[in-house]
Amino acid sequence: EVHVQIIFSKGYNPKRSHIFTSNDFIKINCPPFFREIFLSHPINEPQSRCRLLQNEIRFILIKSAIEEWETLEKIEKHSDNIHKKKEDIENMLRIAHIRQQQEAQEKLEKKVLVKRKDVEKIIKRESEIRLKTSENDREIIQHGKNNIEEIQLKKDKEQTTLEKTKELTINSIPHIRSQETITVEFTNRRFPTPKRESQNDLEDEWIRNQLQKK
């Protein structure tokens with residue numbers, strides 16, 4: 001890692017700052033400050049980080065290769081390379097613009113893919129819910145049919161039992177007896193002497209004897 005710290009004295013506003021980075025170039029545009037840095041070695045730009053603080057900018061640059069950096073900025077040996085620098089900057093900006101478009105397209109495609117997967121999950125979940133609901137409805141209907149059949153069977157059984165009970169009740173009633181006429185004759189009760197209370201036992205014994213003789 002290479003840590004770079006740029007401190008501003010006055011006039012720096014983080015909200016108005018614009019930072020551009022590529023694998024070998026950094027541009028800092030913080031009006032009224034402007035700085036372009038051609039790095040002496042390439043960096044891993046996607047993994048590098050930048051923080052805009054209250055009065056400074058901090059960079060954490062991740063090296064593309066493990067090697068010692070003697071200087072941060074590339075040292076030009078010739079002073080007539082201004083035109084070449086301009087062309088390099090334009091090329092880097094064009095490449096960065098193309099890369100940003102590609103990244104934006106990839107993000108959009110990824111977002112569309114995620115959204116599509118979410119929609120597929122929602123559709124699948126709704127299908128499962130509908131299927132489960134249909135199964136529950138079928139179970140409820142079948143359960144209702146079974147209950148109706150059980151109730152009907154119970155009613156039929158009760159009706160059969162009631163009819164059997166009626167038959168048993170009717171059959172248990174005895175038939176009316178046939179009418180007959182009998183003739184009964186009674187003998188006159190005659191005693192040789194008037195009845196006396198003192199002779200009750202003797203009279204009863206006499207009556208029993210008479211009955212036994214008959």
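**Strands and partners**

Reader: Which residue of β6 is the bridge partner of Val-2?

Author: This is a predicted model, where local features need pLDDT of at least 70, side-chain atom pairs count only at pLDDT 80 or more, and totals for chains, interfaces and linings use all residues. Residues are numbered from 1 along each chain as its sequence is written, and side-chain values use heavy atoms, leaving out hydrogens and water. β1 and β6 (residues 56-61) run antiparallel and are joined by six bridges. In β6, the partner of Val-2 is Leu-61.

Reader: What is the strand order of the open sheet of three strands?

Author: Strands are DSSP runs (E, at least two residues), numbered from the N terminus. Two of them pair if DSSP finds at least two bridges between them. β1 (2-7) and β5 (49-52) each have a single partner strand, so they stand at the edges. Pairing is antiparallel, and the order is β1-β6-β5.

Reader: How many residues lie between β2 and β3 in their hairpin?

Author: β2 (residues 18-21) pairs with β3 in the antiparallel sense over four bridges. Ile-19 stands opposite Ile-28 in β3. The number of residues between β2 and β3 is three.

Reader: Which residue in β4 stands opposite Asn-29?

Author: β3 and β4 (residues 33-38) pair antiparallel over six bridges. A hairpin joins them through two residues. Opposite Asn-29 stands Phe-34.

Reader: How many of the six residues of β3 are buried?

Author: Buried means under 20% relative accessible area, with a 1.4 Å probe and protein chains only. β3 (residues 25-30) is largely enclosed by the rest of the structure, because its buried residues number five.

How values were computed. Buried < 20%, exposed > 50% of the residue type's maximum accessible area, 1.4 Å probe, protein only.
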